[in-house]
Amino acid sequence: MLALAVWPLLQLGSMSLHAVSASTLNSKWDFVGTDNYAAMLREPDFGQVVVNTLAFVLIVTVIGMVGGFMVAVAVLSSTRGGSFLLGLMVFVWALPPVVNGSIWKFLLADQGLVNQILRAFGGHGLGFLYDSDFALWSVALVNAWAVVPFNALVLRAALLGVDPQVLEAAELDGARPWKRVWHVLVPAGRTAATVLTILTIVYAFRSFDFIYVMTSGGPGTASTTLPFLAYSEAFLTLDYGRGAATALIALAVVVVLALIYSRDVRRTEGEA
């Protein structure tokens with residue numbers, strides 16, 4: 001941990017306080033204090049990038065959690081259909097993000113399958129990946145689709161702890177399926193869902209793969225989030241100092257979420 005996590009973070013913090021470019025990367029760095037942070041905050045697009053990041057995290061978290069719970073309920077039974085869906089979920093979850101993103105990039109392209117279906121029904125093709133009104137939504141929805149299987153597997157494990165006799169008793173008392181879900185399954189999965197929500201937020205906040213593969217942060221900065229902005233500044237514009245400053249701001253949010261996650265895990269273990 002010291003060699004592969006703590007030391008690189010210290011180096012990143014040092015880099016954020018110096019003027020570091022491609023020409024000075026392997027030489028002595030000039031100390032500039034908080035100039036990199038100030039320059040980043042003065043960027044005209046920085047506010048939009050923050051809004052993009054919050055919107056992206058919200059979309060992925062809400063759809064990922066709701067979709068994960070719905071799938072968990074659907075695969076809770078040991079029927080053939082439930083087993084098939086569970087296997088399909090594991091397959092989707094196991095796909096590398098680069099492969100997933102590439103597949104969806106083809107599907108959502110101007111001549112992709114989705115637009116071909118829209119045109120077949122008399123509609124017009126949509127610029128899912130190059131229209132500023134759709135790009136962020138498209139990538140966020142694909143990212144949410146990719147995280148649903150993992151959430152479903154975790155929530156299913158929690159719901160398997162429900163005594164089947166409780167569900168049978170609720171059914172005998174006349175509770176409809178949605179009431180059995182709301183009053184029995186939702187409370188049973190609440191603890192796992194709390195921890196899983198924090199993990200999903202962290203996953204969404206640090207997401208980079210899908211944005212890189214599908215839109216490269218474009219058009220313009222329409223789908224740029226803080227992690228991608230840090231990458232862009234460091235490895236596209238070669239301003240490593242400003243890229244490090246952006247990365248540290250993003251890291252600070254992840255650290256706060258990690259602390260909340262650790263606290264909830266300890267509290268859950270204490271209650272157990």
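How far apart do the end C-alpha atoms of residues 240-261 lie, and what share of the span is helix or strand? The ends are 30 Å apart, and the span is 100% helix and 0% strand.

This is a predicted model: local features need pLDDT of at least 70, side-chain atom pairs count only at pLDDT 80 or more, and totals for chains, interfaces and linings use all residues. Residues are numbered from 1 along each chain as its sequence is written, and side-chain values use heavy atoms, with hydrogens and water left out.

**Annotated spans**

UniProt, in an unreviewed entry, lists a "transmembrane region" at residues 46-76, 83-104, 134-160, 181-205 and 240-261. The unreviewed entry also places a "signal peptide" at residues 1-19. UniProt positions follow the numbering used here, feature names are shortened, and annotations may be inferred rather than shown by experiment. Helices (H or I, at least four residues) and strands (E, at least two) are DSSP runs, numbered from the N terminus.

| Span | Helix | Strand | End C-alpha distance |
|---|---|---|---|
| Residues 1-19 | 79% helix | 11% strand | 27 Å |
| Residues 181-205 | 96% helix | 0% strand | 30 Å |
| Residues 240-261 | 100% helix | 0% strand | 30 Å |

Leu-17 sits in the loop between α1 (2-16) and β1 (18-19). Its C-alpha atom is 19 Å from that of Ala-5, 12 residues away along the chain. Leu-17 is partly exposed, because its relative accessible area is 29%. Buried means under 20% relative accessible area, exposed over 50%, and partly exposed in between (1.4 Å probe, protein chains only).

Neighbours within four places in sequence aside, Leu-17 is in contact (heavy atoms within 4.5 Å) with Asp-30, Phe-31, Val-32, Gly-33, Asn-36 and Tyr-37. Asn-36 is also one of the buried residues of helix α2 (residues 35-42), along with Ala-39 and Met-40. Seen down the α2 axis, these buried residues fall within an arc of 100°, so they line one face of the helix. The arc is that of the directions from the helix axis to the C-beta atoms. Leu-41 and Arg-42 are exposed on the other side of α2.

**A nonpolar surface patch**

Leu-58, Val-62, Ile-63, Val-66, Met-70, Trp-137 and Leu-141 form a nonpolar patch on the surface. α3 (46-74) and α7 (135-159) each supply at least two of its residues. The largest share, five residues, comes from α3. Met-70 belongs to helix α3. Met-70 is exposed, because its relative accessible area is 55%.

Conventions: Patch = residues over 30% accessible without salt bridge, like charges linked within 9 Å, V, L, I, M, F, W, Y side chains within 5 Å. Areas by Shrake-Rupley, 256 points an atom, 1.4 Å probe, with all protein chains shown as cover. Salt bridge = Lys/Arg side-chain N within 4 Å of Asp/Glu carboxyl O.
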